[in-house]
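Subject: Structure handover

Hi,

Here is the structure I promised to pass on to you.

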Amino acid sequence: MKIGTTWKTNVRKEDLDELLALITSGDQEYNPKTGMMVEQYKEWTSDLAVEELERVIALLGRGRDIGKSDIPKLEQELAERRDPVRAEQLRLALQARREELARTEERLLGQGLEALGGTGDTWDGRRDRIDTWWRAVKAAEAAETWATAFSANRMTARQVNSNSILGGRFGIRNAHHRRDRSWDREIVLDRTLDGVRKRMQPANFHDPATGANRKNELGLHDLSASLLDGSRTPMSVHTQLKPYEDATVVFMPVPTERDAQIFNAIQSLTPVTEADREQVRRMRNRFTRLRMAQATDMHTYLLNVNEVRDGEPLVRYGHSGRVRRPGDRAEVRADEIDIATRRTNALEHGVILRTNTDQVVNEVVVVYREHASALFPVFARWDGVRSRFVVLDRRTNERTKACITNEGTWVGWGPRADRAARAGSRRRVIGLSGRGTPGTRATAAVKSGKSHQGEGVRCVISRQPCGFAAPHIATEANAVRDRAVSRAEGSALRPDRREARVTSGPHSGQLLIATLDESDSVIAVFYEEEEGGLTFVADYWFATFEDLEAGVAEAGWEVAWLP
């Protein structure tokens with residue numbers, strides 16, 4: 001039964017402290033109305049141990065008569081929980097949950113290792129595979145657009161409420177000693193937009209000169225967000241967010257489930273050399289990812305999980321709170337199995353969109369780190385009059401001409417705008433360099449099947465004699481791509497194109513080819529040069545060639561423009 005809200009007023013004054021100690025969970029929750037952390041109380045008598053329930057009955061029994069009305073029900077529950085048959089049922093149910101969690105953890109680890117490839121439980125048997133995967137991850141980030149992430153249910157949204165005072169320097173509790181205030185530690189939390197920017201800088205987590213990790217010093221801990229459902233019908237991005245009145249939204253894509261599972265598998269392997277250990281640190285500090293995910297609001301807060309009283313705080317978000325388990329109608333206090341399930345959910349995040357589908361807002365814990373895209377993170381403000389999110393300049397927070405509709409479509413230009421959404425949410429293949437040998441033409445063969453991300457296609461450009469057949473597009477009904485390739489074939493004779501060799505940045509060593517698409521806007525495509533052709537890596541959209549050059553300069557990429 002639900003713990004009575006009047007119990008505190010119906011026990012004797014001298015018994016109140018003991019009652020509160022029995023029904024207090026030791027957890028806290030942030031109250032957005034007051035801007036303060038408040039104590040959380042156990043909601044259900046099932047959260048009380050048998051001995052605690054017995055003591056509550058005794059305290060109520062010697063209190064005011066009006067408070068004794070719950071005693072018969074409590075005594076009945078106590079008798080049922082002491083019944084050997086009932087106790088065995090509860091034990092078996094708990095054991096079944098533990099076994100299901102273990103199977104899920106084993107399955108996800110196995111899937112990650114299989115996708116990574118190689119053999120063994122150390123880096124020796126998988127080092128080349130890890131390096132190849134990491135390069136592919138960064139290339140995928142560089143190619144990311146709003147449309148690719150949103151349509152694949154990989155877009156998160158965090159709201160930075162300008163009216164909230166939570167942040168700065170304050171005390172948190174120890175996860176293992178929640179009721180013992182002597183274990184509390186003072187920490188710093190930066191939850192501002194500038195704090196998001198700082199999390200994008202790997203040097204804040206591992207200074208290349210000193211090796212220092214400034215995470216605790218700067219307060220760059222994990223932050224909560226919502227995972228957007230890009231397939232919801234009817235679609236509304238705004239209703240998937242928490243109801244903050246004055247907030248800037250941080251839109252940030254997270255990896256595919258496959259990449260999340262591979263990264264989890266890599267972390268299970270034992271590094272052999274110092275170079276291996278350095279690569280692990282480098283990846284952790286440069287890989288934006290989910291740490292936890294739940295289909296409902298977690299009602300959680302920051303905890304220190306370090307079991308050493310005077311040790312450096314190990315600050316974690318998501319190790320407390322409540323959960324509504326699949327099939328249940330009521331929320332209960334999250335136990336250690338629920339906390340571990342939040343971790344496995346982060347490795348297959350789609351499960352939280354398929355669980356408790358009547359829940360409007362879910363909650364995820366995001367590890368914000370460097371992202372190779374020139375677009376993300378996207379900062380935006382809700383415009384209730386026009387029902388859209390106005391995109392802000394990421395450096396100045398000033399409004400741009402770009403926006404995101406409530407239906408989840410990117411509209412307008414703005415810095416490095418995501419035009420792919422307006423063009424049918426498809427990647428495009430465009431022209432090959434016109435510097436080939438005389439009598440050749442650009443032919444695009446789009447290999448069907450999934451990429452390392454489990455989405456999209458791999459595009460290969462090759463030079464073939466002019467007598468060959470027209471480009472064959474091996475994808476379903478991709479008329480848009482057909483038109484783009486067809487236009488590109490004739491573009492070698494056009495003056496409206498730019499080419500460059502990239503010498504620094506995430507596309508270092510790649511070839512940049514920019515040309516006009518059918519709407520006379522600029523598409524810039526990056527290719528890896530291979531023997532016999534080029535391999536598509538990423539594409540970006542710009543309003544003009546001048547915007548392209550400005551965008552490249554703004555991103556800090558060095559290029560050598562070719563004549």
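Asp 338 forms a salt bridge with Arg 325 in this predicted model, and the closest N and O atoms are 2.8 Å apart. By salt bridge I mean a side-chain nitrogen of Lys or Arg within 4 Å of a carboxyl oxygen of Asp or Glu. Asp 338 belongs to helix H12 (residues 336-347) while Arg 325 is in the loop between strand S11 (322-323) and strand S12 (332-333), so the pair ties together parts that are 13 residues apart in sequence. Helices (H or I, at least four residues) and strands (E, at least two) are DSSP runs, numbered from the N terminus. Asp 338 is buried, with a relative accessible area of 7%; buried means under 20% relative accessible area, exposed over 50%, and partly exposed in between, with a 1.4 Å probe and protein chains only.

Two notes on the ground rules before going further. Residues are numbered from 1 along each chain as its sequence is written, and side-chain values use heavy atoms, with hydrogens and water left out. Since the model is predicted, local features need pLDDT of at least 70 and side-chain atom pairs count only at pLDDT 80 or more, whereas totals for chains, interfaces and linings use all residues.

Back to the charges. Searching the whole structure gives 43 salt bridges. One of them joins Glu 43 to Lys 2, with 3.0 Å between the closest N and O atoms. Glu 43 sits in the loop between strand S2 (36-41) and helix H3 (50-61), and Lys 2 in the segment before helix H1 (7-10), so this pair ties together parts that are 41 residues apart in sequence. Glu 43 is partly exposed at 24% relative accessibility, and Lys 2 is partly exposed at 43%. Lys 2 also lies over the face of Trp 44, at 4.7 Å from the ring centre. For a charge over a ring, NZ of Lys or CZ of Arg has to be within 6 Å of the ring centre and within 35 degrees of the ring normal. Lys 8 is placed in this way too, with its charged end 4.8 Å from the centre of the Tyr 41 ring.

Another salt bridge, between Glu 100 and Arg 103, has its closest N and O atoms 2.7 Å apart. Both residues lie in helix H5 (residues 84-116), three residues apart, which is about one turn of the helix. Glu 100 is partly exposed at 41% relative accessibility, as is Arg 103 at 46%. There is also a network of salt bridges that links Glu 274, Arg 277, Glu 278, Arg 281 and Arg 282.

On to the rings: the whole structure holds ten aromatic pairs. Rings of Phe, Tyr and Trp (its six-membered ring) pair if their centres lie within 6.5 Å; planes under 30 degrees apart count as stacked, over 60 as edge-to-face and the rest as tilted. Trp 133 and Phe 287 have ring centres 5.8 Å apart and planes at 80°, so they are edge-to-face. Trp 133 is in helix H6 (residues 127-143) and Phe 287 in the loop between helix H11 (274-284) and S8, so the contact ties together parts that are 154 residues apart in sequence. Both Trp 133 and Phe 287 are buried.

Trp 146 and Phe 251 are edge-to-face as well, at 5.1 Å centre to centre and 90° between the planes. With Trp 146 in helix H7 (residues 146-151) and Phe 251 in strand S7 (residues 247-253), the pair ties together parts that are 105 residues apart in sequence. Trp 146 is buried at 0% relative accessible area, and Phe 251 is buried at 0% too. Ring pairs join Trp 146, Phe 150, Phe 251, Trp 382 and Phe 389 into a cluster.

Finally, the sheet. Nine strands form an open, antiparallel sheet in the order S8-S13-S6-S3-S7-S14-S15-S16-S17, where two strands pair if DSSP finds at least two bridges between them. S8 (289-294) and S17 (410-411) are at the edges with a single partner strand each, so one side of each has no neighbour in the sheet. Five of the seven residues of S16 (residues 399-405) are buried. Within S16, Cys 403 stands opposite Val 390 and also opposite Val 411 in S17.

Best wishes
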